[in-house]
Amino acid sequence: MPATNLLQGTLDLLILKALALTEMHGLAISHRIGQITGGTFQVKPGSLFPALHRMEEAGWLSAVWGDSENNRRAKFYRLTAAGRRQLKSETEQWETIALAIASALGAS
Amino acid sequence: MPFLSRLASLGRNLFARPRVERELDDELRACLDQLTEEKRRGGMGPSEARRAAGIDFGGVEQVKEEVREVRTGRILEELLQDLRYGIRTLLNNPAFTLVAVLALALGIGANTAMFSVAYGILLRPLPYADADRVAVVFMRYFPRDFAFGTMCMRDYLMWKENNRAFENPSLFRSLRMDIGGKEGVPEQVQGATVTAGFFSTLGVHPLIGRTLAAGEDEPATSSLALLSESIWRRRFGASSAVLGQTILVNGAVATVIGVMPRALRFPGRDTEVWTNLPLNPPTRYGPWFYRGVARLKPGVTLPQAQDEVNQIGLRMMQQNPFYKRLTLPVLGLRDALLGVTLKPAILVLAGAVGLVLLIAVVNVANLMLARATVREREMALRLSLGAGRGRLVRQLLTESVLLGLMGGAAGLALAWGGIELIRAWNPGNLPLIDSVRLDAGALGFMVFVSILTGALFGLAPALECARADLNATLKEGGRGGGGHARGRMRAALVVAEIAVSLMLLVGAGLLLRSFVNLQRVSGGFSAPPGQVLTMLISPGNRKYNDDRIGLAFYDEVLRRARNVPGVEAAAVTDSLPPDRQGDADTFGIEGQTLALGEMNPIISDATIGPDFFRVLGIPLVRGRYFTDHDNGDSTPVAIVSEGFVHRFLPNQEAIGKRIRQSEPGFGNKWMEIVGVVGNVKYLGLAVDTDPAYYMPFAQTYGPRAFLTVRSSGDASRLSAALRRDIQSIDPGVTLAQFSTMEQVRQLSISQPRFDTMLLGLFAGIALLLAAVGIYGLIAYSVAQRTHEIGVRMALGAARADVVRMVVRQGASLAAIGIVLGLCGAFVLTRLLETMLFGIGVTDALTFAAAPAGMMVVVLLATFLPAFRATRISPVVALRYE
């Protein structure tokens with residue numbers, strides 16, 4: 001992981017966002033996060049899987065077993081209704097904070 | 001929804017753990033495989049790809065552990081895991097577990113039992129409505145001077161007239177009652193006669209029927225009786241037809257109006273019949289038979305009531321110059337039931353038992369510390385495998401709390417046995433013992449104490465374990481890094497143990513010495529107490545109130561008693577030492593001049609038959625005993641005690657002087673003193689002898705009397721024959737309170753015995769625990785020093801040297817503990833001051849014997865491991881690395 005410190009809330013938000021369009025298995029989620037953040041965030045399994053399990057237990061994600069692109073069994077995660085609501089509220093919250101921080105940093 | 005999801009996860013994590021784990025494994029392996037696949041597609045060889053993927057992934061097991069950490073129910077799961085692990089560890093060390101559980105069981109068991117006793121006697125709500133608002137009013141005055149004495153009807157009426165603090169002041173008197181009637185053979189029971197407000201004051205309701213109505217204590221009311229549940233079942237087969245039936249109470253007819261529940265145990269715990277007390281207008285002061293009981297009006301406190309009653313007491317003194325220094329002590333119902341000596345004794349015992357628990361805890365902490373050394377490697381290994389230190393502390397604490405609970409469970413069994421034992425010990429006169437039982441409160445107390453002790457003795461070793469230095473420990477191969485500091489701590493704990501148990505030992509020693517003193521006190525009679533049988537005879541029928549009929553009856557009783565095989569002598573009396581004091585009265589001496597309003601003190605007076613002194617073996621000092629010729633037709637005579645002569649007729653010839661019972665104006669005749677006898681204790685063994693005067697039964701007859709017989713052997717065997725022979729004179733006669741003088745004696749000192757046995761037991765447990773503690777420490781230290789001892793012996797140290805070395809270690813610890821313990825005892829034994837008889841709180845013998853005994857025990861406990869140390873073979877010891 002590069003210098004950027006991945007806060008837990010940020011990781012949750014990124015996972016929710018990565019799963020917004022379609023269901024994915026763990027490795028794909030990791031790649032997707034790398035892709036949508038332009039390579040800034042690279043989530044390692046040691047952080048990713050605990051987060052996935054935690055979010056599943058919280059009811060934001062549901063998981064099913066399916067075949068991966070190369071026909072191997074894998075656990076696919078998808079957003080639940082609660083997960084979508086969570087994504088929405090976290091996004092709003094993040095935007096508020098980002099705006100506030102940006103304006104704070106921009107102040108002279 | 002999120003809650004339901006959590007709940008489902010919790011269930012899955014706890015109960016479908018294998019599946020959850022398998023799925024986690026599958027998921028992570030799949031991911032790792034995919035990663036490897038990607039690497040290969042990126043152009044790596046198979047093994048290189050696997051290695052690179054492994055590095056990127058970061059270790060399947062670690063990731064699993066991370067996932068487990070965030071699972072719902074993680075703490076619960078860990079707890080279960082710790083418990084399983086703890087049980088396994090404890091089972092793997094049966095010796096350690098057994099010793100620890102036993103020590104804790106003794107400590108917690110003794111505490112739970114003592115808690116139940118203290119709670120039952122001091123705290124458990126009395127079975128009366130708002131019992132803390134009920135007070136008992138006593139009367140104390142000189143020259144009578146009984147701390148919790150009685151008042152007479154005139155005093156009551158004055159109190160009632162001037163009362164504002166209490167609702168409906170009531171009056172009661174305890175007395176023996178002969179109960180007879182169509183329903184069965186006559187029997188004698190404990191009874192009470194009470195005014196109409198008595199039952200409403202206590203707030204008790206009848207099982208069936210009713211209690212006394214207002215006005216049913218007015219002069220002309222017919223006699224009414226209330227029965228206890230026990231006598232109702234015994235004599236009336238629990239039939240409700242008893243209501244309205246008449247029974248004979250002391251020969252007079254009374255109508256049964258109600259049955260009271262078992263919970264009503266007032267005024268006595270064995271009171272079985274309550275009758276109404278008619279408030280006949282008194283014509284004079286006395287008799288002083290009564291105590292008051294009343295409920296405080298709302299908003300009035302006990303001290304306020306006491307203030308008011310004090311004012312009334314002042315008026316009583318103004319009206320009657322006879323009363324000197326009169327006070328009316330007002331006691332809450334519980335304090336009145338407990339008396340003055342029990343509460344401090346129970347508090348002392350509760351404190352002592354707390355110390356026993358402290359010793360048990362120290363003992364187990366010591367064991368844990370010893371084991372911590374052995375387990376250091378295990379802990380270091382687990383730390384290095386990634387266990388968190390917090391997690392280790394938690395696990396060790398779980399283990400010690402588990403140990404505490406095991407000790408508590410075993411202690412509960414001990415407590416139950418202990419309480420049964422205490423109830424059995426109690427010879428029937430420890431008040432409120434019936435409310436002592438093992439209940440939910442005691443159970444809660446036990447669990448609380450168990451957890452607390454578990455945490456207490458587990459905390460220090462647990463924290464230390466978690467602090468352990470990994471590298472040092474692993475390198476040292478388990479010989480223990482923090483050994484030195486830990487050894488010092490263990491030694492300090494053992495010193496504390498010895499000090500505290502010595503304090504208990506000194507306390508128990510003082511009580512024991514005091515009790516032995518009490519046992520040795522002569523009641524003033526020399527007859528072997530096991531060879532004297534006493535019983536209370538009550539003729540029941542009112543015709544015996546006539547002294548001619550009564551005396552003839554008692555002559556026949558004595559004749560038949562003397563004919564019973566084994567009886568050597570028999571006599572009647574209305575008083576018996578050591579505490580069945582019959583009557584007390586003032587007296588006059590012919591020729592004595594007293595200032596106006598002055599009177600002689602009220603002292604014991606006994607009415608006795610001719611052979612009384614011979615039966616009990618009370619020595620004649622001068623003059624003669626009474627004879628059969630001292631009867632209603634001859635000159636009135638009296639005998640006085642040596643104490644009487646010493647105090648009231650000093651330096652005078654007592655024989656031939658004349659004295660008179662009671663005050664002038666009661667028509668009592670002058671009685672000529674014909675003899676002087678030795679002092680007898682009628683007020684209890686621990687009370688200073690009071691002077692007494694005796695009158696012949698045939699000249700001052702009363703219908704109820706004790707029969708005392710002296711036998712050649714064990715007197716208790718005579719009971720059946722005496723009962724049969726006496727009742728064959730008149731089947732209406734009741735006989736009660738059969739007991740040998742030995743039993744009477746023991747009963748009179750049952751509370752000191754209770755205190756002594758309990759404190760002795762506690763001190764014994766403490767001593768045992770301390771011995772185990774020092775044994776453990778020395779044995780462990782010898783084991784640790786095997787190598788050193790081996791070297792010493794190889795270099796020529798004799799066995800005696802080794803023994804001396806080891807014993808010196810134990811003895812020096814004991815010496816420190818003993819000095820500290822003596823200092824503590826010096827301070828703490830002051831609490832025992834009121835419980836001691838015949839010795840001071842710093843009794844030299846006790847303060848010398850207890851440390852000596854302690855030292856012997858310590859040396860014994862040390863000698864065993866010391867002896868074992870001499871068996872160490874140098875060769876083996878040096879190989880022992």
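Ala238(B) is found in the loop between helix H9 (229-236) and strand S7 (246-249) of chain B. In this predicted model, the phi of Ala238(B) is near 55 degrees, a positive value in a residue other than glycine. Most residues other than glycine have a negative phi. Ala238(B) counts as partly exposed, because it has 13 C-beta neighbours inside 10 Å.

**Backbone features of chain B**

Asp130(B) also deserves a look. Its phi is positive, about 45 degrees, although Asp130(B) is not a glycine. The residue sits in the loop between helix H6 (94-123) and strand S1 (134-137) of chain B. Is Asp130(B) buried or exposed? Asp130(B) counts as exposed, because 12 C-beta neighbours lie inside 10 Å.

Next come two peptide bonds. Most peptide bonds are trans. The bond from Phe266(B) to Pro267(B) is cis, with omega near 5 degrees. Pro267(B) lies in the loop between strand S8 (252-260) and strand S9 (271-276) of chain B. The bond from Pro577(B) to Pro578(B) is cis, with omega near 0 degrees. Here the loop that holds Pro578(B) runs between strand S14 (567-573) and strand S15 (583-585) of chain B.

| Site | Angle | Value |
|---|---|---|
| Asp130(B) | phi | about 45 degrees |
| Ala238(B) | phi | near 55 degrees |
| Phe266(B) to Pro267(B) | omega | near 5 degrees |
| Pro577(B) to Pro578(B) | omega | near 0 degrees |

**Domains of chain B**

Chain B is divided into domain 1 (2-72), domain 2 (139-328), domain 3 (342-519 + 750-879) and domain 4 (540-593 + 600-732). How many Å separate the centres of domain 3 and domain 4 of chain B? Taken over C-alpha atoms, the separation is 57 Å.

**A helix pair in chain B**

Two packed helices are described by the angle between their axes and the distance between the axes. Consider helix H12 (residues 342-384) and helix H22 (residues 750-784) of chain B. Their axes come within 10 Å and cross at roughly 15 degrees. H12(B) is therefore roughly parallel to H22(B), since angles under 35 degrees count that way. The crossing of H12(B) past H22(B) is left-handed. What classes of residue make up this contact? The contact of H12(B) with H22(B) has 22 nonpolar, 5 polar and 1 charged residues.

**Where chain B touches chain A**

The contact takes 23 residues from chain B and 19 residues from chain A. Which elements of chain B give two or more residues to its side? They are helix H1 (2-15), helix H2 (17-41) and helix H4 (60-70) of chain B. H2(B) supplies the largest share of that side, 8 residues. By class, the side of chain B that touches chain A has 10 nonpolar, 6 polar and 7 charged residues.

**Chain A**

Now the partner chain. Chain A has 4 helices and 3 strands. In what pattern do they follow one another along the sequence? Chain A reads α-β-α-α-β-β-α. Along the principal axes, the C-alpha atoms of chain A fill a box of roughly 55 × 30 × 20 Å. Chain A has 108 residues, and 31% of them count as buried. Take the contacts in chain A between residues at least 6 apart in sequence: 49% of these join residues at least 24 apart.

Note on methods:
Residues numbered from 1 in each chain as written. Chains lettered and ligands numbered in written order. Predicted model: local features only at pLDDT ≥ 70, side-chain atom pairs only at ≥ 80, totals over all residues. Buried ≥ 20, exposed ≤ 12 C-beta atoms within 10 Å, placed from the backbone. Domains from an automatic or database assignment. Contact = placed C-beta atoms within 7 Å. Nonpolar A, V, L, I, M, F, W, Y, C, P; charged D, E, K, R; others polar. Axes fitted to C-alpha atoms, helices over the stretch in contact; angles between N-to-C directions. Parallel < 35°, antiparallel > 145°, perpendicular 65-115°, else oblique. Left-handed = near helix turned anticlockwise from the far one by under 90°.
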